[in-house]
Amino acid sequence: MPTLQYDRSDSQVLKGIGILLIVLHNFFHTFPEFPPECEFEYIPDNVGRFVDTLGRGNLRTIVLSLFSFLGHYGVSVFVFVSGYGLAKRYGQSPDAGWRILLHRATQLWKWIVPMALLLLLDRYSGHTHITYQYLENQKIWTDLLAMLTFTANFLVDRFVIAGPWWYFGMAFQLYVIYVLFLRRAGDRAVWIASAVAWALLLVLQGLGCNDLVFTLRYNFVGWLPVFCIGILAARHPLRLPWGWVALGCVLFVLSLFNPYLWVFSSTLVLFPFTAVLPLFKRGILYKITLGLGGLSAALFITHAFVRQQILIYAKPLPAEWSGLLYLALCLAVAWIYRQVLLALYKRLHW
């Protein structure tokens with residue numbers, strides 16, 4: 001019977017699965033032959049393309065389309081694990097709220113600041129290699145400031161720099177909400193917070209306010225429910241009957257094709273993850289996902305820049321082969337980035 005009680009290894013495995021989905025999603029959704037996602041808003045045309053692919057595509061196209069259309073749900077894993085980890089670590093801790101926020105910010109800056117310095121070096125080297133084309137202008141300064149202050153999510157007119165940089169601002173917003181309210185709130189209040197977020201998204205969805213839905217999904221409101229589920233799971237060990245897990249998986253599938261159920265999809269996706277997690281408890285899959293989980297922060301930071309180079313130089317290759325090359329280089333670059341930073345911080349005793 002699946003359980004919602006995880007140890008540190010389980011959390012690493014979950015993050016390993018999540019980051020693999022995110023990395024592959026961010027690659028394959030750039031190909032016009034694969035249907036793009038409905039991550040920040042429900043887009044019927046994207047859903048229609050996904051249905052057509054499932055109905056008419058060959059096995060290769062279907063598999064790669066699953067990564068393209070569904071891979072972004074790896075973000076839900078990270079938000080859930082974040083809520084779970086915060087509740088486990090700080091739920092009964094006497095630490096002051098400002099200390100918690102400073103510690104969380106420092107952990108993020110350890111990964112972000114070195115990449116920000118590399119971006120600046122690349123920008124002014126005269127021969128840009130890893131920055132996006134629009135960074136040829138001075139937006140790099142506003143983008144970097146927004147990224148380092150975790151305010152990039154307020155720039156909803158564009159994605160800042162590349163990759164999942166929006167995630168850090170959204171995550172820090174959730175940390176603030178946790179410290180100010182959820183940390184000491186009772187279970188009922190946590191459920192109410194989730195319900196309010198869901199209700200707001202449902203109302204806006206019904207009114208057709210796609211821009212507002214996008215903005216809320218780009219910020220903490222759209223992810224508050226799954227974060228709260230993580231907090232509640234940490235507080236109350238829960239075993240789910242397989243019947244409930246199966247029902248949750250069915251609801252998740254249905255949520256992909258309905259604009260109102262879609263509001264709940266980032267939480268419903270926890271059921272499929274719960275169902276497959278036992279497959280990753282032992283053997284080679286356990287070792288692979290555990291290793292990926294340990295590399296997840298470095299992969300988050302570096303994979304977008306690897307992707308940009310592969311998309312430029314590996315265009316002649318079929319998508320699946322360029323994807324394998326991309327994944328291999330992502331792992332290599334992330335490992336090097338992580339090892340360099342760990343060695344540096346060890347020398348600095350930080």
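**Salt bridges, core and surface of the predicted model**

A search of the whole structure turns up four salt bridges, the term standing for a side-chain nitrogen of Lys or Arg within 4 Å of a carboxyl oxygen of Asp or Glu. This is a predicted model, so local features need pLDDT of at least 70 and side-chain atom pairs count only at pLDDT 80 or more, while totals for chains, interfaces and linings use all residues. Residues are numbered from 1 along each chain as its sequence is written, and side-chain values use heavy atoms, with hydrogens and water left out.

One of the bridges pairs the side chains of lysine 281 and aspartate 10, at 2.7 Å from N to O. Lysine 281 sits in the loop between α13 (270-276) and α14 (283-313) and aspartate 10 in helix α1 (residues 8-28), so this pair ties together parts that are 271 residues apart in sequence. Helices here are DSSP runs (H or I, at least four residues; strands are E, at least two), numbered from the N terminus. Aspartate 10 is buried, at a relative accessible area of 9%, whereas lysine 281 is partly exposed at 36%. For these labels, buried means under 20% relative accessible area, exposed means over 50%, and partly exposed is in between (1.4 Å probe, protein chains only).

With glutamate 33 it forms a salt bridge whose closest N and O atoms are 3.5 Å apart. Arginine 60 lies in helix α3 (residues 59-70) and glutamate 33 in the loop between α1 and α2, so the pair ties together parts 27 residues apart in sequence. Arginine 60 also bridges to glutamate 320, with the closest N and O atoms 2.7 Å apart. That pair links distant parts of the chain, helix α3 for arginine 60 and helix α15 for glutamate 320, 260 residues apart. Through shared partners, Glu33, Arg60 and Glu320 join into one network. Each member is partly exposed: arginine 60 at 31%, glutamate 33 at 41% and glutamate 320 at 26%.

Helix α15 (residues 319-347) also holds serine 322, which is buried with a relative accessible area of 1%. The side chain of serine 322 reaches the backbone oxygen of alanine 319 at 3.0 Å. Leaving out residues up to four places away in sequence, serine 322 touches Phe27, Phe31, Ile310, Ala314 and Leu317, where contact means heavy atoms within 4.5 Å.

Turning to the nonpolar parts, the largest core has 105 residues, of which Val79, Phe80, Tyr167, Tyr178, Leu182 and Phe227 touch the most other members. Helix α7 (residues 165-182) supplies the largest share of this core, twelve residues. Such a core is a set of buried Ala, Val, Leu, Ile, Met, Phe, Trp, Tyr and Cys residues joined through side-chain atoms within 4.5 Å. Setting aside neighbours within four places in sequence, leucine 182 contacts Ile177, Val190, Ala193, Leu224, Phe227, Cys228, Ile231 and Arg235.

Valine 51, from helix α2 (residues 44-56), counts as partly exposed at 40% relative accessibility.

Technical notes
Polar contact = N/O pair within 3.5 Å; in protein donor to acceptor, adjacent residues only side chain to side chain.
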